[in-house]
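Me: Hi! Could you walk me through the ring contacts in this protein?
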Amino acid sequence: MTPSPLARPPDGGWGWVVAGSAFVVNGLSYGLLRSLGLALPALAEYFDQSTQDTSWISAITLAVQQAASPVGSALSTRWGARPVVMVGGLITSLGFILSAFASSLLHLYLSLGLLAGSGWALVFAPALGTVSRYFSKRRVLAVGLALTGNGVASLLLAPVLQLLLDAFGWRGALLLLGATTLHLTPCGALLRPLPLSGDPITPPHSPLDALGLTLFTHSAFAVFALGTTLVGLGYFIPYVHLAPHALDLGLGGYGAALVVAGAAVGDAGTRLVSGWLADHGWIPLPRLLAMTGALTGLGLVAVGLVQEQEEGWGGPLLAAAGAYGMSAGAFAPLVFGVLPGLVGLGGILQATGLVMMLMSLGGLLGPPLSGFLRDVTGDFKASFLVCGSFILSGSFIYLMLPGALPPCHPTPPPPTPSAEQGELLPSPESALGSPKDPHSFSNTNC
């Protein structure tokens, strides 16, 4: 029997199981992708290719995973998140298994980039969107808990992947990763559907409605989209080139793994703190988003300014990577936590997929640009400096969101829709959410 729609999210209960499932999904997608850079030097040596060429493996994987996320969201809107995530886990595992038998970089582009990336596109956005549907007052904290899987998995997988590379080579390591990613399928089985009163009664009538592309016609979401695209150009560079950058600076394989793990610790440690801070409403959510984005850009600049290490264990680079990880971890849950205030809970799955698509533009262009700058300059310093500037630019764009800047003169907010409706209904110029909602955005018009 189909359960009756709830008036509002339960803000707990089975939602914590869903958050735990999304935690594992995030770890086996972005956490694994962040550690995958440790295998790139071995692939470049085996196939006798440049850093730029091997960077396309991670770039294509990331771009496909994010560009196809609206498709995963649309399928979830029609069929539910549970079956979509389960199928996505099977596809991801198959992509890693086939990549273990690669005979060329083109093979890896297709198996890891296209196939595994397509599987990841079906798991992340539906899982994270389902978490947002289960929570209201503690929504950003729950999203932060789910996104902590990224940092925890990076912390565990970076040394494990280096150990697998040393023991079994890159083929054996990819084969074992294929078995690991198969655990995405039982995670999808835990995503119990939750009907809410604000959900559409009928499925979308057109592909534009199914993908949520009409959201771009609203000014606040358009500003958010532009800022997110710029941030994406630099945000994923450390996922691919932090480990090779550490190797270039004179650290060994395990030293590079330590640097990646240090960034992962900082990342995981601040996601929950950021979610807790956002849910208390002491700082408006758009302003907090812009602040943490700017700190993330400065962290990347600091990583690029670290000088070559003649000896030692890479303390300066580890400190800079940890600072970047802390700021990036604080930024991540806010990107998705701001969405219900923009589109409402009824459109959260579609909006999450669109955010992933926007960041895919940066995920596709950023790593190859970083690899090109490395091939031209001989190191990754220019890569991190340029990509950090992209994140800083996107953070300045976020200042145009409602509530990001203090109002010129305080005015009482007009009657607003509930947090489940977001900004788009009924008045785009009203405050987002309700005055008592910690996620509400104040009107900043003078």
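Reply: Happy to. Rings of Phe, Tyr and Trp (its six-membered ring) pair if their centres lie within 6.5 Å; planes under 30 degrees apart count as stacked, over 60 as edge-to-face and the rest as tilted. One aromatic cluster is formed by Phe216, Phe221, Phe224, Tyr235, Phe331 and Tyr398.

Me: What kind of model is this, and how are residues numbered?
Reply: This is a predicted model, where local features need pLDDT of at least 70 and side-chain atom pairs count only at pLDDT 80 or more, while totals for chains, interfaces and linings use all residues. Residues are numbered from 1 along each chain as its sequence is written, and side-chain values use heavy atoms, with hydrogens and water left out.

Me: How many aromatic pairs does a search of the whole structure find?
Reply: The search finds 13 aromatic pairs. One of them joins tyrosine 46 and phenylalanine 47, which are edge-to-face, at 4.9 Å centre to centre with 85° between the planes.

Me: Is phenylalanine 47 buried or exposed?
Reply: Phenylalanine 47 is buried, at 13% relative accessibility. Buried means under 20% relative accessible area, exposed over 50%, and partly exposed in between (1.4 Å probe, protein chains only). Tyrosine 46 is partly exposed at 49%.

Me: Why is the pair of phenylalanine 96 and tryptophan 120 edge-to-face?
Reply: Their ring centres are 5.7 Å apart and their planes are at 70°, so the pair counts as edge-to-face. Phenylalanine 96 lies in helix H5 (residues 81-99) and tryptophan 120 in helix H6 (residues 105-121), so the pair ties together parts that are 24 residues apart in sequence. Helices here are DSSP runs (H or I, at least four residues), numbered from the N terminus. Phenylalanine 96 is buried, with a relative accessible area of 0%, and tryptophan 120 is buried at 1%.

Me: What does serine 29 touch?
Reply: Leaving out residues up to four places away in sequence, serine 29 touches Trp120 and Phe124; contact means heavy atoms within 4.5 Å. Serine 29 is in helix H1 (residues 14-35) and is buried, at 2% relative accessibility.

Me: New topic: which ring does the charged end of arginine 192 sit over?
Reply: The charged end of arginine 192 sits over the ring of tryptophan 14, 4.0 Å from its centre. For that label, NZ of Lys or CZ of Arg must be within 6 Å of the ring centre and within 35 degrees of the ring normal. Arginine 78 lies over the face of tryptophan 79, at 4.5 Å from the ring centre.

Methods:
Helices (H or I, at least four residues) and strands (E, at least two) are DSSP runs, numbered from the N terminus.
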